[in-house]
Amino acid sequence: MERTFREQLCFLLLSVSVLRGGCRSLENNEISNDFYSLFNPEPRRDSPDAFVYRRPLRCMDMVAVEGQFTFTAETPHLSCATFLMAEPRELISVELDRVDIDCSAGDFITVFDGWVMKGEKFPSSQDHPLPLYERYVDYCDAAPARRSVRASQNVAMVFFRVHSAGSSFTLTVRKHANLFPCNAISQSPEGSYTMVIPQQRRNCSFSILYPVAIDISEFSLGRHGSFPKRTMPGCSESEDFVQLLGGNGIDTSKLLPITDLCISFTGPTQMKIGCDNTVVRMVSSGSFVSRVSFSYRALDSQELQTIKLNNVEDFCFNN
């Protein structure tokens with residue numbers, strides 16, 4: 001795996017930890033000093049009557065709280081990005097306000113419904129409900145009504161470029177409850193989650209950007225049946241199944257399939273996966289109320305060392 005991609009992942013994860021007030025140590029992450037310099041202090045709370053966080057926005061930034069974030073250029077900034085993140089059961093919305101840029105000079109502000117890293121996108125085109133071109137909203141091209149954008153999941157991204165000092169804009173970031181969350185990226189290396197697809201033809205992915213031990217405790221299609229828990233070689237004939245994927249990118253369509261589950265069961269099914277990204281992906285035909293429940297925790301250094309001979313580990317570090 002390229003060091004630059006690993007650094008990007010570690011930067012994002014550490015940024016979330018800092019912003020949530022729960023920073024922890026990550027071993028062997030190879031983060032350069034340049035990445036540490038991007039961290040911001042905790043956003044400050046204004047007067048009790050306002051309840052709005054406000055702080056400056058940097059060219060490369062991570063935002064995991066609601067509030068207003070203002071970017072003001074002191075010099076040209078030609079390649080900037082802000083990663084936005086909420087809890088898995090929330091949606092992110094972004095509103096652009098007090099925008100002072102020159103679109104005719106090549107300035108732009110673009111909101112993306114998801115994340116992009118090294119050309120890979122989350123959610124993948126296979127899992128997102130919108131075609132790719134509808135996931136980009138450009139301030140310079142959009143009608144005024146589209147200057148407020150609600151993402152389809154708990155992550156979104158803002159790209160921007162400004163050529164002149166003094167150019168500025170403000171992002172207002174809000175979080176909204178999501179009754180039936182589909183695609184999501186976990187903020188934490190440990191937790192539990194239940195994914196439900198209520199008789200809809202769609203694909204949903206839950207991404208954990210850490211090497212983890214994962215325990216799938218239940219998979220239900222609204223019908224009864226015995227298992228094998230693992231199918232050999234897969235579930236190619238089924239329209240309803242759960243995949244466990246691993247790899248070092250964020251595009252689920254490019255990850256390694258580790259195992260498929262296509263018959264209802266009550267667990268546990270346990271695995272340890274040494275990849276930088278572990279994904280539980282559920283594919284639904286819409287014929288059933290599909291449900292999968294799982295828990296996960298980060299692998300410690302000894303566990304990572306132990307599984308280095310595992311084929312999945314070899315795949316993650318050699319591709």
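**Starting from a serine**

Guide: Let us begin with Ser93, which has its place in strand S6; please keep in mind throughout that this is a predicted model.

Visitor: Is Ser93 buried or exposed?
Guide: Ser93 counts as buried, because its relative accessible area is 8%, and the cut-off for buried is under 20%.

Visitor: What does the side chain of Ser93 make a polar contact with?
Guide: The partner is the side chain of His176, at 2.7 Å. If we set aside the neighbours within four places in sequence, Ser93 is in contact with Val149, Arg150, Thr172, Val173, Arg174 and His176.

Visitor: How many salt bridges does the structure hold?
Guide: There are 7 salt bridges in the structure. One of them joins Arg55 to Asp61, with the closest N and O atoms 3.0 Å apart, and both Arg55 and Asp61 are buried. Another links Glu303 to Arg297, where the closest N and O atoms are 2.7 Å apart.

Visitor: What about the exposure of Glu303 and Arg297?
Guide: Glu303 is buried, with a relative accessible area of 13%, whereas Arg297 is partly exposed, at 36%. Through salt bridges that share partners, Lys272, Arg297 and Glu303 are joined into one network.

Visitor: Changing topic to the nonpolar side: which residues touch the most other members of the largest core?
Guide: The largest nonpolar core has 28 residues, and those touching the most other members are Leu57, Leu84, Ile109, Val158, Phe160 and Phe169. Two or more residues each come from strands S4 (67-72), S5 (77-85), S6 (90-100), S7 (108-112), S12 (155-162) and S13 (168-177).

Visitor: Which of those strands gives the most to this core?
Guide: S12 gives the most, with 4 residues. Of the 8 residues in S12, 7 are buried, so the strand is largely enclosed by the rest of the structure.

Visitor: Which strands does S12 run against?
Guide: S12 pairs with S5 in the antiparallel sense over 7 bridges, and within that pairing Phe160 of S12 is the bridge partner of Cys80. S12 also runs antiparallel to S7, to which 5 bridges join it, and there Met157 in S12 stands opposite Phe112.

Visitor: Back to Ile109 for a moment, what does Ile109 touch?
Guide: Not counting residues up to four places away in sequence, Ile109 touches Leu96, Val99, Ile101, Val137, Asp138, Tyr139, Val158, Phe159, Phe160 and Phe169. Apart from this core lies another, of 27 residues, which include Phe206, Leu221, Ile258 and Ile273.

Visitor: How many aromatic pairs turn up in the whole structure?
Guide: A search finds 10 aromatic pairs. Among them, Phe160 and Phe169 form an edge-to-face pair, 4.9 Å from centre to centre and with 75° between the planes. Phe160 counts as buried at 1% relative accessibility, and Phe169 counts as buried at 0%.

Visitor: Last topic, the open sheet of 5 strands: what is its order?
Guide: The order is S14-S16-S21-S18-S19, with mixed pairing. Strand S14 (184-185) and strand S19 (256-261) are the edge strands, each pairing on one side only.

Visitor: And how do S18 and S21 pair?
Guide: S18 (residues 241-247) and S21 (residues 277-285) pair in the antiparallel sense over 7 bridges, and Gln243 stands opposite Arg281 in S21.

How values were computed. Residues numbered from 1 in each chain as written. Predicted model: local features only at pLDDT ≥ 70, side-chain atom pairs only at ≥ 80, totals over all residues. Heavy atoms only, no water. Core = buried A, V, L, I, M, F, W, Y, C linked by side-chain atoms within 4.5 Å. Buried < 20%, exposed > 50% of the residue type's maximum accessible area, 1.4 Å probe, protein only. Contact = heavy atoms within 4.5 Å. Pairing = 2+ DSSP bridges. Polar contact = N/O pair within 3.5 Å; in protein donor to acceptor, adjacent residues only side chain to side chain. Salt bridge = Lys/Arg side-chain N within 4 Å of Asp/Glu carboxyl O. Phe/Tyr/Trp six-rings, centres within 6.5 Å; stacked < 30°, edge-to-face > 60°.
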